[in-house]
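Visitor: I have a structure to look over and would like a guided tour. Can we go through it in short questions and answers?

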Amino acid sequence: MGGLCSSCFGSSSEESNLMPSPETRRKQQLEAAERRRMENETRGIKDPERVKRQQMRSEEMQRREEEAARAGGGQPALRWQQD
């Protein structure tokens, strides 16, 4: 019976095999944090690719409007002309 209890307690060398190195732990923690970040970004979104495309379109339109405002001195880029 005493042999059963002593088998529960491992030596320090066995314990060190169970614990990953600090570098490995950091890498695992970084991967887990990245997975959580990605999951939080897509939480509640049915189609994340569609949302990204919409954001890109919105940013592009905003950039074009800013360029047009700079080039036109604040006036609209297109003018209606009648012959």
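Visitor: What pLDDT does the protein average?
Guide: This is a predicted model, so confidence comes first. In the protein, 70% of the residues score at least 70. The average pLDDT is 79.

Visitor: Which element has the lowest mean pLDDT?
Guide: H3 has the highest mean, at 91. Where pLDDT is low, the predicted coordinates should not be read in detail. The lowest mean, 53, belongs to residues 2-8, helix H1.

Visitor: How many helices and strands does the secondary structure come to?
Guide: Start from the N terminus: the elements run α-α-α-α. The count is 4 helices and 0 strands.

Visitor: What share of the residues is buried?
Guide: Buried takes a relative accessible area under 20%. The protein has 83 residues. Its accessible surface comes to about 8,500 Å², with 52% of that belonging to carbon and sulfur atoms. Buried residues make up 1%.

Visitor: How far does H3 reach from its first C-alpha to its last?
Guide: H3 has 21 residues. At 1.5 Å a residue, the expected span is 30 Å. The reach in the model is close to that, at 30 Å.

Visitor: Which residue with a positive phi follows H3?
Guide: Helix H3 covers residues 22-42. The residue in question follows the helix, with a phi near 85 degrees. It is Gly44.

Visitor: How many salt bridges does a search of the whole structure find?
Guide: The test is a side-chain nitrogen of Lys or Arg within 4 Å of a carboxyl oxygen of Asp or Glu. Arg63 with Glu60 is another. The search finds 4.

Visitor: Are Glu34 and Arg37 buried, partly exposed or exposed?
Guide: The middle class runs between the 20% and 50% cut-offs. Glu34 has 38% relative accessibility. Arg37 has 37%. Therefore both count as partly exposed.

Visitor: Of Glu60, Arg63 and Arg64, which counts as exposed?
Guide: Exposed takes over 50%. Glu60 has a relative accessible area of 29%, so it is partly exposed. Arg63, at 36%, is partly exposed too. At 54%, the exposed one is Arg64.

Visitor: Which residue is linked in a network of salt bridges with Glu60, Arg63 and Arg64?
Guide: Glu60 bridges to Arg63 and Arg64 bridges to Glu60. The network links these with one further residue, Glu67.

Technical notes. Residues are numbered from 1 along each chain as its sequence is written. This is a predicted model: local features need pLDDT of at least 70, side-chain atom pairs count only at pLDDT 80 or more; totals for chains, interfaces and linings use all residues. Side-chain values use heavy atoms; hydrogens and water are left out. Helices (H or I, at least four residues) and strands (E, at least two) are DSSP runs, numbered from the N terminus. Buried means under 20% relative accessible area, exposed over 50%, partly exposed in between (1.4 Å probe, protein chains only). Accessible areas come from the Shrake-Rupley method with a 1.4 Å probe; for residues, only the protein chains shown count as cover. pLDDT is the predictor's confidence in each residue, from 0 to 100. The expected span of a helix is 1.5 Å times one less than its number of residues.
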